[in-house]
Amino acid sequence: MLEYLVNRSKQIICIFSTLILFQGCASFKSPLYPEIIYNNRQPLISVTYEYGEIQLILPIKYDAAVPDNILFKVFAQGDTLHPVISILQEAPKEFLAYLPQGVLDVHNNTNLIKIIPQDKDFDPINVRFKGIRFGRIVLPPKTVRIGQLIVSGKTILNQNDSILSGVDISLQNFDNVIHTTRSNESGYYQIAIPGEYKFAEHLRIVAGENLIFKPFAKKLDFSSSRKVKLDIGLGPSNEMAEPLYMTNRDNVHFRDGPDIGSETLFLLKQGEIISVDRVTPGEYYGSIEVELDGDKRIQMEGWINRKDLKLVIMQNIYKVGMGN
């Protein structure tokens with residue numbers, strides 16, 4: 001009887017020690033199922049702990065275009081150098097990752113998902129979020145877009161390369177205005193438009209519609225880069241000698257002779273500048289500048305009806321009532 005009691009006491013002590021041992025391990029990490037499971041084989045006890053994991057879900061949307069592949073990197077607790085996990089996959093509708101329990105910061109938004117499209121036309125996206133110890137996190141959707149297209153530069157006066165401020169500038173697709181701006185006091189301008197216009201065939205920049213000169217217009221090409229630097233020269237160059245006149249309407253005939261029936265070389269738009277050399281009772285003879293191959297200009301001579309021209313005063317080149 002005494003021997004039985006001694007053995008029974010040893011078994012109870014062993015069970016108690018086992019319980020303390022398992023409770024001590026669990027204190028380092030909260031288990032998902034902390035209940036003790038008995039196997040009904042007294043005095044032995046079977047205990048099972050199953051630790052939780054974090055299911056991270058981020059819905060992904062796309063605007064206009066979809067990259068082929070995206071690299072996802074998940075960082076925890078402010079560490080942006082060593083990702084917890086990196087996943088390269090075809091562009092998904094939903095990013096899904098499983099993380100170890102307790103790896104995330106559960107108090108602050110120091111956890112980070114980097115969305116890195118494997119296509120230079122798309123910009124990376126950073127998603128910061130607050131974590132949980134274990135369970136499921138569903139983050140708000142993020143939209144992956146083609147990066148913005150940016151054109152920037154300065155507006156200058158062709159005659160002496162001086163800065164022109166307050167010049168109206170717009171980006172247009174066909175005749176639809178996408179975005180407008182105005183150059184600042186230093187002549188600097190910058191316009192950013194959605195990346196979906198990267199492949200637009202009729203995208204152009206128009207500048208100087210608030211000046212007396214014919215507006216500057218140039219087709220833009222973003223096929224090789226999303227950023228274009230373009231300095232815009234307005235008005236006549238220094239090769240155009242005074243006196244200077246300007247067409248006062250559209251479709252002005254620039255002819256090869258003063259006689260009636262002379263061949264029309266060009267139909268000039270309003271604001272075209274003419275350097276006048278000779279005057280007759282009804283005609284002006286002079287030169288206009290014609291742009292060839294981008295920025296290259298040549299001068300061509302011809303005749304224009306006097307009633308289609310007005311004298312240019314270079315000290316006042318802004319249109320009246322245009323806010324300048």
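1. One piece of this predicted model is an open sheet of four strands, ordered β12-β11-β14-β15, with antiparallel pairing. Its edge strands, β12 (176-182) and β15 (216-219), each pair on one side only. On average, neighbouring strands of this sheet are turned by 20 degrees against each other, direction ignored. Axes are lines fitted to C-alpha atoms, for helices over the stretch in contact, with angles running from 0 to 180 degrees between N-to-C directions.

2. Within that sheet, have a look at β11 (residues 168-173) and β14 (residues 203-207): the two run antiparallel and are joined by five bridges. A handy place to start is N173, which stands opposite L203 in β14.

3. Another open sheet has four strands in the order β3-β2-β5-β6, again with antiparallel pairing. Here β3 (85-90) and β6 (125-129) are the edge strands, each pairing on one side only. From one strand to the next, the twist averages 15 degrees.

4. In this sheet, six bridges connect β2 (residues 69-75) with β5 (residues 111-117) in the antiparallel sense. If you want a residue pair to display, V74 stands opposite I113 in β5.

5. A word on the conventions: residues are numbered from 1 along each chain as its sequence is written, and side-chain values use heavy atoms, leaving out hydrogens and water. As the model is predicted, local features need pLDDT of at least 70 and side-chain atom pairs count only at pLDDT 80 or more, while totals for chains, interfaces and linings use all residues.

Notes. Pairing = 2+ DSSP bridges.
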